[in-house]
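This report describes one protein chain for a reader who is new to structural analysis. Please look at the sequence and the structure before reading on.

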Amino acid sequence: MGASDEGLDAPGVNLRGDAVSGVEVGHRLIAAGEYELAIKAFNRAALADGFDAEILSGLGSANLGLGRLGQAEALLRRATTEYDPHPEDLNNLGVVLLNQGRDSEAVQILRQAFALDDGESTLIRDNLRLALANFENSDSVERNEAEYKLVRRGSSDFLISTAG
């Protein structure tokens with residue numbers, strides 16, 4: 001006696017429903033810590049619609065999650081220089097720079113993000129405070145073991161622990 005005999009069929013597919021965008025799928029995968037799959041989703045979105053700042057930022061954030069700091073930096077720099085910079089993208093670039101130990105440059109980038117955001121994001125403000133603390137204590141041998149926060153354009157925030 002099969003499941004269909006008991007009336008437990010799987011739900012059907014709504015062919016008239018809207019598909020979730022590859023960008024949204026990528027952001028959800030980052031939130032779930034599935035960085036490789038997020039990169040594939042963002043790449044599919046780029047193939048369908050072309051690259052834009054959000055896709056570049058998403059790819060950069062996913063690469064940061066994988067510890068690929070050089071790739072993350074290159075993608076986030078493209079997102080902030082080829083397009084109008086968004087506070088979220090500048091924040092994420094600042095997080096990459098902090099993870100690379102480039103505190104001075106990170107402070108500059110995070111100040112720019114904070115200014116563009118009008119100081120409204122507590123996550124950007126927290127990252128700026130951590131960057132300033134690292135910069136002011138750069139003479140000490142030990143680095144501040146903090147958790148930096150990535151910010152998504154939209155409804156979610158991502159947390160990246162420092163590379164220690």
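Is Thr80 buried or exposed? Thr80 is buried, because its relative accessible area is 10%; buried means under 20% relative accessible area, exposed over 50%, and partly exposed in between, with a 1.4 Å probe and protein chains only.

## Basis of the report

The model is predicted, and local features need pLDDT of at least 70, side-chain atom pairs count only at pLDDT 80 or more, and totals for chains, interfaces and linings use all residues. Residues are numbered from 1 along each chain as its sequence is written, and side-chain values use heavy atoms, with hydrogens and water left out.

## The chain as a whole

The chain contains seven helices and two strands. Helices (H or I, at least four residues) and strands (E, at least two) are DSSP runs, numbered from the N terminus. Read from the N terminus, the order of the elements is α-α-α-α-α-α-α-β-β.

Of the 164 residues in the chain, 41% are counted as buried. The chain exposes about 9,200 Å², of which carbon and sulfur atoms supply 49%; accessible areas come from the Shrake-Rupley method with a 1.4 Å probe, and for residues only the protein chains shown count as cover.

Helix H4 covers residues 69-81, 13 residues in total. From its first C-alpha to its last it reaches 18 Å, close to the 18 Å expected at 1.5 Å a residue; the expected span is 1.5 Å times one less than the number of residues. Buried residues of H4 include Leu69, Ala72, Leu75 and Leu76. The buried residues of H4 pack against helix H3 (53-65) and helix H5 (87-99), where contact means heavy atoms within 4.5 Å.

Thr80 belongs to helix H4. Its side chain reaches the backbone oxygen of Arg77 at 3.2 Å. Not counting residues up to four places away in sequence, Thr80 touches Pro85, Asp89, Leu90 and Leu93.

Ser57 is part of helix H3 and counts as buried, because its relative accessibility is 7%. The side chains of Ser57 and Asp89 are joined by a polar contact of 2.8 Å. A polar contact is a pair of N or O atoms within 3.5 Å; within protein, one must be able to donate a hydrogen and the other to accept it, and residues adjacent in sequence count only if both atoms are side-chain atoms. Leaving aside neighbours within four places in sequence, Ser57 is in contact with Leu76, Ala79, Asp89 and Asn92.

Arg44 lies in helix H2 (residues 35-49) and is exposed, because its relative accessible area is 53%. The C-alpha atoms of Arg44 and Gly22 are separated by 6.5 Å, although these residues are 22 residues apart along the chain.
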